[in-house]
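The exercises below ask for a reading of one model, with a worked solution after each task. Keep the sequence and the coordinates open while working through them.

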Amino acid sequence: MDRRIEEGLLQKSHTPEEAKELLDSRYSLSGEQKPFLVLTPTSGGNNASVPKAKKGLDHDELMTNPNLRVNKHKQRKRRIRRARDDLKDFIKENKNNASYASFEGLNTLWKGYMADLLSGTSNAQVIAGKLASADYHGADLTVVEARNPSLVGINGIVVWEARTGFVMVCRDNKLRIVEKRGARFDVNALPDKKFEIIGSRFLYRTAERSGRKFKPKSVEDL
């Protein structure tokens, strides 16, 4: 601030002599008021040691104790192996005695889920993006094309979606596995609409596909 402005403000509550004395003290290195901050050391001194907070485990401790190290890759492989084993056990237990009627309720829930997902939009590109990232557990699928000709025409409810195929319970109360690669499926998503999906574009697990953004591109099935 300009000294003249300060002096004018001070003279509103002090005499000119008092204002001058205050300003001289304000801008003096030896006065009570100084234009800089004076820091004084604490009683600890320069040699005072400050304890460091321990965050997690020491590097040496991690290196010397292999049990503390976590291998994320091995954990992921174990999860995949467990999921694959669960799928095999499920198919083995229910291959010939699965009840189609017991999964109709799941299909009803899925239709409600699709109605909410596709409501409020008629844009084909937006609908395609939502179908690409949707969950198909409970979906009513019909095989339109497949590498195995005997699977063409099969209709059923998806009870398990793996990375490479759909496990469907059919009306004859049997489980069938249809590979996604090289296959096309009709999806009865809405009462008045039927969509076709290309299996080769769905070679992801449901959790991986739900957060993935798909871009238009050619595939071997087209």
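This is a predicted model: local features need pLDDT of at least 70, side-chain atom pairs count only at pLDDT 80 or more; totals for chains, interfaces and linings use all residues.

**Exercise 1. Describe the salt bridges and the burial of their members.**

Solution. Side chains of opposite charge can pair when their charged atoms come close.
Step 1. The structure holds four salt bridges.
Step 2. One of them joins Glu145 to Arg184, with the closest N and O atoms 3.3 Å apart. Glu145 belongs to strand E1 and Arg184 to strand E5, so this pair ties together parts that are 39 residues apart in sequence.
Step 3. Compare the accessible areas: Glu145 has a relative value of 38% and is partly exposed, while Arg184 has 16% and is buried.
Step 4. Glu145 and Arg184 also belong to a network of salt bridges that includes Glu196.
Step 5. Lys180 and Glu161 form another salt bridge, with 2.9 Å between the closest N and O atoms. Lys180 lies in the loop between strand E4 (175-179) and E5, and Glu161 in strand E2, so the pair ties together parts that are 19 residues apart in sequence. Both Lys180 and Glu161 are buried.
Step 6. Asp172 and Arg176 meet in a salt bridge at 3.0 Å, N to O. Asp172 is partly exposed at 40% relative accessible area, and Arg176 is partly exposed at 25%.

**Exercise 2. Decide whether Asp186 is with or without a salt bridge.**

Solution. Step 1. Asp186 is located in strand E5.
Step 1. Asp186 is buried, and the nearest side chain of opposite charge is Lys194, 4.5 Å away.
Step 2. A salt bridge requires the side-chain nitrogen to be within 4 Å of a carboxyl oxygen. Asp186 has no salt bridge.
Step 3. Leaving aside residues up to four places away in sequence, Asp186 touches residues including Asp140, Leu141, Thr142, Lys194 and Glu196.

**Exercise 3. Characterise the pair Trp110 and Tyr136, and the rings grouped with it.**

Solution. A pair of aromatic rings is described by the distance of the centres and the angle of the planes.
Step 1. The structure holds four aromatic pairs. For Trp110 and Tyr136 the ring centres are 6.0 Å apart and the planes are at 40°, so the pair is tilted.
Step 2. Trp110 is in helix H5 (residues 104-118) and Tyr136 in the loop between helix H6 (124-132) and strand E1 (140-145); the pair links distant parts of the chain, 26 residues apart.
Step 3. Trp110 and Tyr136 are both buried.
Step 4. One aromatic cluster is formed by Trp110, Tyr136, Phe166, Phe185 and Phe202.
Step 5. Lys180 lies over the face of Phe166, 5.0 Å from the ring centre.

Technical notes: Residues are numbered from 1 along each chain as its sequence is written. Side-chain values use heavy atoms; hydrogens and water are left out. Rings of Phe, Tyr and Trp (its six-membered ring) pair if their centres lie within 6.5 Å; planes under 30 degrees apart count as stacked, over 60 as edge-to-face and the rest as tilted. Helices (H or I, at least four residues) and strands (E, at least two) are DSSP runs, numbered from the N terminus. Buried means under 20% relative accessible area, exposed over 50%, partly exposed in between (1.4 Å probe, protein chains only). A charge sits over a ring if NZ of Lys or CZ of Arg is within 6 Å of the ring centre and within 35 degrees of the ring normal. Lys and Arg count as positive and Asp and Glu as negative; His and the chain ends are not counted. Contact means heavy atoms within 4.5 Å.
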